[in-house]
Amino acid sequence: MWEPWEGGYEVNKDPAHIEVLLQDLKKMGYWVIFVSGRFRSGPTLLLHVLEDRLVFDYPRPWAPGLGTARVIYRDNTNIEHFFRVDILKEDTQNRYIFTTRPTAIFRLERRMYYRVPTPPGSKAQFKWKDKELTGEILNLSAGGLALLRPNLRVPEREILLEGKLDLLLSASRPFGQIEIPRAEVVRAQESPDGLLLGVKFHINERKRQELMQYIIRREIEIRKAKAEG
């Protein structure tokens, strides 16, 4: 599972998922570079994914005696990934670099704001023209939300006012209400569970931080539930 980290990155520490990502890195032949301090290697390839180590083609330029490094690459969707390794051995004769396997892989979050699923019972209401729009919050970020099964079919680009989000941290733990003064419908589509509206918030930084407080606490609840399960 990808979890929020810092600086716009997500982290994945699941060994099975890391194995899939490494095999994909090798199979797809993505160019990688080694970075350590001010040193950046030339582009190279991951050649082998072994049980206890990784084997890379010897890059040029290279810094002999390097101890640790970040390995950086972009996948076929142009998303940047990186992981940290220790340099185990340099084989200058056969042109190989041997490293440890990573215990975590990081990637830049695809969206500007991280999105969390909200528990059933989380609801939103807005004013649209002279009507009241209500629906279930499917997921939420500091930039917007997905509204499931709204009571009104609102077209895209319509402005919503006087929003109120009634949020739950879990099925039995309320968070409280967050007010959204202004928002915009940016997507309206049918889903297997009914009509879905994508809503973008037009808010200031103070309000965005209020939303982030909920998102962080909701993430903690999700992790606790997984650990207990």
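What follows is a list of selections, with what to look for at each.

This is a predicted model: local features need pLDDT of at least 70, side-chain atom pairs count only at pLDDT 80 or more, and totals for chains, interfaces and linings use all residues. Residues are numbered from 1 along each chain as its sequence is written, and side-chain values use heavy atoms, with hydrogens and water left out.

Stop 1: Select residues 46-49 and 54-57. These are strands β5 and β6, which pair in the antiparallel sense over 3 bridges. Strands (E, at least two residues) and helices (H or I, at least four) are DSSP runs, numbered from the N terminus. Two strands pair if DSSP finds at least two bridges between them. A hairpin of 4 residues joins β5 to β6. Now pick His48; Val55 in β6 stands opposite.

**Stop 2: Asp52 and Arg53.** These two form a salt bridge, with the closest N and O atoms 3.7 Å apart. The term means a side-chain nitrogen of Lys or Arg within 4 Å of a carboxyl oxygen of Asp or Glu. By this rule the count comes to 9 salt bridges. Asp52 is exposed at 51% relative accessible area, while Arg53 is partly exposed at 26%. Buried means under 20% relative accessible area, exposed over 50%, and partly exposed in between (1.4 Å probe, protein chains only).

**Stop 3: Arg60 and Pro61.** Check omega here. The peptide bond joining Arg60 and Pro61 is cis, with omega about 0 degrees. Pro61 lies in the loop between β6 and β7 (68-74).

**Stop 4: Lys129 and Glu158.** Their side chains meet in a salt bridge (4.0 Å, N to O). The pair links distant parts of the chain, 29 residues apart. Lys129 sits in the loop between β12 (123-128) and β13 (131-140), Glu158 in the loop between β14 (144-148) and β15 (159-170). Lys129 is exposed at 66%; Glu158 is partly exposed at 22%.

**Stop 5: two positive phi angles.** Select Arg149, in the loop between β14 and β15. Arg149 has a positive phi of about 50 degrees, although it is not a glycine. Move to Glu162, in strand β15. Glu162 also has a positive phi of about 50 degrees and is not a glycine. Arg149 is partly exposed at 41%, and Glu162 is exposed at 53%.

**Stop 6: helix α2.** Select residues 205-228, then Lys207 and Glu210, which lie 3 residues apart, about one turn of the helix. Their side chains meet in a salt bridge (3.3 Å, N to O). Is Lys207 buried or exposed? Lys207 is buried, at 9% relative accessible area. Glu210 is partly exposed, at 23%.
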